[in-house]
Amino acid sequence: MTTNKRQTSFSLSSKTNDAIDLYQQVPYRIATASNLLVLDRDAYVKQITDLDTRAIRVLLNVGSYGPINAADIAYQTRLDPYSVTRAINGLLKEGLIQAANDHATSRSKFVELSKAGIPIYQNIANYMAKRCEDVLDGISDEEQTLLMTVLEKIELNTERMLAQNAQTLKDNGGTPTRDQSEQIRWLKRTQKQSQ
C-alpha cells in the first residue's frame, strides 16, 4: 500500500489490541476519497444549486439516463430505494424533473428532466467533466484505465459481499432491511446481466 503524509501524523493506538491501520484498508481509503468528492461539499456546485448530494446524484441519473424509474436509479447509484424515492419526490416538487409517463396508471413510474432541470443538469455535468480532469491530474491514461477496472471489480465484490450477508441474515431467520433486500436484488440483476 501507499504511504500517506497524513498517516505519519497518527500513531496506532496502544490501548487496543491489533489496531487496524486505516490507511492500509482499501475500503476505508475509498470512503475517505468519496467523502472528499461529495458534490454538495464543493463550493462551485453550491453556486449552481442548493440540492443535497442525494438529489444531485438522482438529478444526474435522470439527465443522463432518463426517462428512468426509481429502481434503476437506485441500482445505478447504489443509493437505498427510500433515499431515491425521497430525492425524486423532492425534485418533482422543485419542478426539476417531471413524470415521463402516467404515474396514476403505471406501476413503474418514469421521470425525466423538466425545462427547469435541464440547465442545472447541464451546468453540473459540464463542471463534473472539469472536476474529473482536476481529480485525475497527474494520473496517466494507463493508470486511469486500470483504476476504472479495479473500481468495477471492487464495486462488484462489494455488491456480492453485501448481498451474501443479507441473504445469510434472511436464511438464519432474520429480517433484512429494505436496503439489504435491494442488495440481494441488485446482485441477481448483475448476475443476470453478465450471462
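Buried residues (under 20% relative accessible area, with exposed meaning over 50% and partly exposed in between, for a 1.4 Å probe and protein chains only) make up 27% of the 195 residues in the protein. The model is a predicted one, in which local features need pLDDT of at least 70 and side-chain atom pairs count only at pLDDT 80 or more, while totals for chains, interfaces and linings use all residues. Residues are numbered from 1 along each chain as its sequence is written, and side-chain values use heavy atoms, with hydrogens and water left out.

The secondary structure comes to eight helices and three strands. Helices (H or I, at least four residues) and strands (E, at least two) are DSSP runs, numbered from the N terminus. From that end, the order of elements is α-α-α-β-α-α-β-β-α-α-α. The C-alpha trace spans about 60 × 50 × 35 Å along its principal axes. Contact means heavy atoms within 4.5 Å. Of the contacts with a separation of 6 or more, 48% are between residues 24 or more positions apart.

The three strands form an open sheet with the order S1-S3-S2 and antiparallel pairing. S1 and S2 stand at the edges with a single partner strand each, so one side of each is left without a neighbour in the sheet. H3 packs on this sheet and touches S1, S2 and S3. The direction of H3 makes about 90 degrees with that of S3. Two strands count as paired if DSSP finds at least two bridges between them. Strand S1 (residues 68-69) pairs with S3 over two bridges, in the antiparallel sense. Here Asn69 stands opposite Phe110 in S3. Strand S2 (residues 97-99) is joined to S3 by three bridges, and the two run antiparallel. Gln98 has Glu112 in S3 as its bridge partner.

Two packed helices are described by the angle between their axes and the distance between the axes. The axes are lines fitted to C-alpha atoms, for helices over the stretch in contact, and angles run from 0 to 180 degrees between N-to-C directions. For helix H3 (residues 53-65) and helix H5 (residues 81-94), the axes come within 9 Å and cross at roughly 80 degrees. That makes H3 roughly perpendicular to H5. The classes are roughly parallel under 35 degrees, roughly antiparallel over 145, roughly perpendicular from 65 to 115, and oblique for the rest. On the H3 side, Arg54, Ala55, Val58 and Leu59 take part. They meet Ser83, Val84, Arg86, Ala87, Ile88 and Leu91 in H5. By class, this contact has seven nonpolar, one polar and two charged residues. In this scheme Ala, Val, Leu, Ile, Met, Phe, Trp, Tyr, Cys and Pro are nonpolar, Asp, Glu, Lys and Arg are charged, and the others, Gly among them, are polar.

In soluble globular proteins, nonpolar side chains tend to be buried together. A nonpolar core is a set of buried Ala, Val, Leu, Ile, Met, Phe, Trp, Tyr and Cys residues joined through side-chain atoms within 4.5 Å. The largest such core has 27 residues, of which Val58, Leu59, Val62, Leu91 and Ile97 touch the most other members. Two or more residues come from each of H3, helix H4 (70-77), H5, strand S3 (110-113) and helix H6 (117-135). H3 gives the most, with six residues. Beyond its neighbours within four places in sequence, Val62 is in contact with Ile68, Ile73, Ile97, Val111, Glu112 and Leu113.

Most residues other than glycine have a negative phi, and most peptide bonds are trans. A cis peptide bond joins Gly66 and Pro67, with omega about -5 degrees. Pro67 sits in the loop between H3 and S1. Asp18 has a positive phi, near 55 degrees, and lies in the segment before H1. Asp18 counts as exposed at 75% relative accessibility. Arg78 also has a positive phi, near 65 degrees. Its place is in the loop between H4 and H5, and at 25% relative accessibility Arg78 counts as partly exposed.

Arg178 is found in helix H8 (residues 178-193). At 56% relative accessibility, Arg178 counts as exposed. Leaving aside neighbours within four places in sequence, Arg178 is in contact with Pro81, Tyr82 and Arg185.
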